[in-house]
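Visitor: I am new to this structure and would like to learn how to read it. Please show it to me first.

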Amino acid sequence: MTTELPIYLDFQATTPVDSRVMDAMVPWFDVHFGNSGSIQHQHGQEAEAAVEHARGQVAALLNADPREIVFTSGATESNNLAIKGALAFHLKHHGRAHVVTCTTEHKCVLESVAAMEAMGATATVLPVGDDGLLDIGALSSAIREETVLVSIMAANNEIGVLQPIEEIGALCRERGVWFHTDAAQAVAKVPVDVDAAKIDLLSISGHKIYGPKGIGVLYVRRRPRVRLEPLFSGGGQERGLRSGTLPVPLCVGLGAACEIAAYELQEEGAKAAAMRDRFLTKIRAEIPSMIVNGSMEHRLPGNLNLSFPGVDGARLLDSLTRISVSSGSACLSDDVEPSYVLRAIGVADPVAAASVRMSIGRTTTEAEVDEAAAHLAQVVTSLSAAATMAAE
Ligand SMILES: *Cc1c(COP(=O)(O)O)cnc(C)c1O
């Protein structure tokens, strides 16, 4: 018996491993199992060569130098290393450190900032506009003498909004502060060039770009040099920034995922944007009261975040049985907490609760988009009718 799974439209939560990535990884689990640190013998040397090849593939996608690529366990660790590492370095050597970030960042950024405030750093958390975009003037005003770091994400994981990273990078360089960007959602979907955008630190996650889970990268600029305190004590791997034996198969997989993205990003983005617009047109025709959250202009190609005012959020999620999408709320034990990102762009709590994020990916087909749109429209229509009847 086979049970048919719902249509997967949650590629921003995680992606499947691309079959080409899978093929590249497999031999490194068993046939070539060496420790890339054991370079005195051939088993280690071949593992090391594979890791260095992967490092080059990641660097090429970002227009970086391979020596600027530090492998980590994922974007959560990369963000922790960037923020805690930069602030701890400055606290240690200069006794003070100020960081600027914004309200719609991923929890791991906001929590890393909060953790460093408890260690003596200071922080400014800037608001964003109703479109989700950061105001450059406000950022400029927030940078002060003791500011060492600005951390602003390239693309938002919930509303898909693309921040103006080139403008932010230019401002940071001019003011002499380091610019970190959480690019977990942007890399491999839109072009990201660390030189063009004057990025000093950048985080990537393998499982958001058709690579494996449990691997990520922190890009760390060499010129002008960025200095970080490491999070881990140990054998000094990754130029002392990230001790621990490297997971060779995962490094190989992330490298392959980056190489594929370098070739396919442009075409894939255009395809995803076309499907996204097709979906939007269909839903809007059936549900004119629908609201799109976040800027439509500055947005990832495959992302939509939609609110259906007047619809009960819990019932909406329960009824969407044929599509796998994300909700506008997070379940914290028994409580349903509306998304802080939607709150930050001014969406009222009951409306945030009746919101869905859908993200289109590499394997999404037009037939899936059409079926998903029909299902969503049908569910929202019947719940709206129920709400109207209850009110009468
Ligand atoms: C997924 C995600 C993370 C966390 O990445 P992991 O590799 O799962 O730790 C951080 N930031 C953003 C924007 C993300 O989308």
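Guide: Asp 370 is partly exposed, with 24% relative accessible area. Buried means under 20% relative accessible area, exposed over 50%, and partly exposed in between, with a 1.4 Å probe and protein chains only. This is a predicted model, in which local features need pLDDT of at least 70 and side-chain atom pairs count only at pLDDT 80 or more, while totals for chains, interfaces and linings use all residues. Residues are numbered from 1 along each chain as its sequence is written, and side-chain values use heavy atoms, with hydrogens and water left out.

Visitor: With which residue does Asp 370 form a salt bridge?

Guide: A salt bridge is a side-chain nitrogen of Lys or Arg within 4 Å of a carboxyl oxygen of Asp or Glu. Here the partner of Asp 370 is Arg 278, and their closest N and O atoms are 2.7 Å apart. This pair links distant parts of the chain, 92 residues apart: Arg 278 sits in helix H7 (residues 248-286) and Asp 370 in helix H11 (residues 366-391). Helices (H or I, at least four residues) and strands (E, at least two) are DSSP runs, numbered from the N terminus. Arg 278 is partly exposed, at 30%.

Visitor: How many salt bridges does the structure hold?

Guide: The count is 22 salt bridges. One of them joins Glu 145 and Arg 96, with the closest N and O atoms 3.1 Å apart. Glu 145 lies in the loop between helix H5 (136-142) and strand E5 (147-151), and Arg 96 in the loop between helix H3 (75-94) and strand E3 (98-102), 49 residues apart. Glu 145 counts as exposed because its relative accessibility is 69%, whereas Arg 96, at 40%, is partly exposed.

Visitor: Which residue forms a salt bridge with Glu 371?

Guide: That is Arg 322, and the closest N and O atoms are 3.5 Å apart. Glu 371 lies in helix H11 and Arg 322 in the loop between helix H8 (313-319) and strand E11 (323-324), so the pair ties together parts 49 residues apart in sequence. Glu 371 is partly exposed at 40%, and Arg 322 is partly exposed at 43%. Salt bridges can also share partners: Asp 18, Arg 20, Glu 264, Glu 268 and Arg 362 are joined in this way into one network.

Visitor: How many residues surround the ligand?

Guide: A residue is near a molecule if one of its heavy atoms lies within 4 Å of it. The ligand is surrounded by 13 residues, the closest being Thr 76, Asp 182, Gln 185, Ser 205 and Lys 208. Helix H3 gives the most to this shell, with 3 residues.

Visitor: Which distances separate ligand oxygen atoms from Thr 76 and Lys 208?

Guide: An N or O atom in the side chain of Thr 76 is 2.6 Å from a ligand oxygen. For a polar side-chain atom of Lys 208, the distance to a ligand oxygen is 2.7 Å. Taken alone the ligand exposes 380 Å², of which the protein buries 87%; such areas come from the Shrake-Rupley method with a 1.4 Å probe, and for residues only the protein chains shown count as cover.

Visitor: Is Asn 303 buried or exposed?

Guide: Asn 303 counts as buried because its relative accessibility is 0%. Its place is in strand E10 (residues 303-307). Contact means heavy atoms within 4.5 Å. Leaving aside neighbours within four places in sequence, Asn 303 is in contact with residues including Gln 12, Glu 158 and Arg 276.

Conventions
A polar contact is a pair of N or O atoms within 3.5 Å; within protein, one must be able to donate a hydrogen and the other to accept it, and residues adjacent in sequence count only if both atoms are side-chain atoms.
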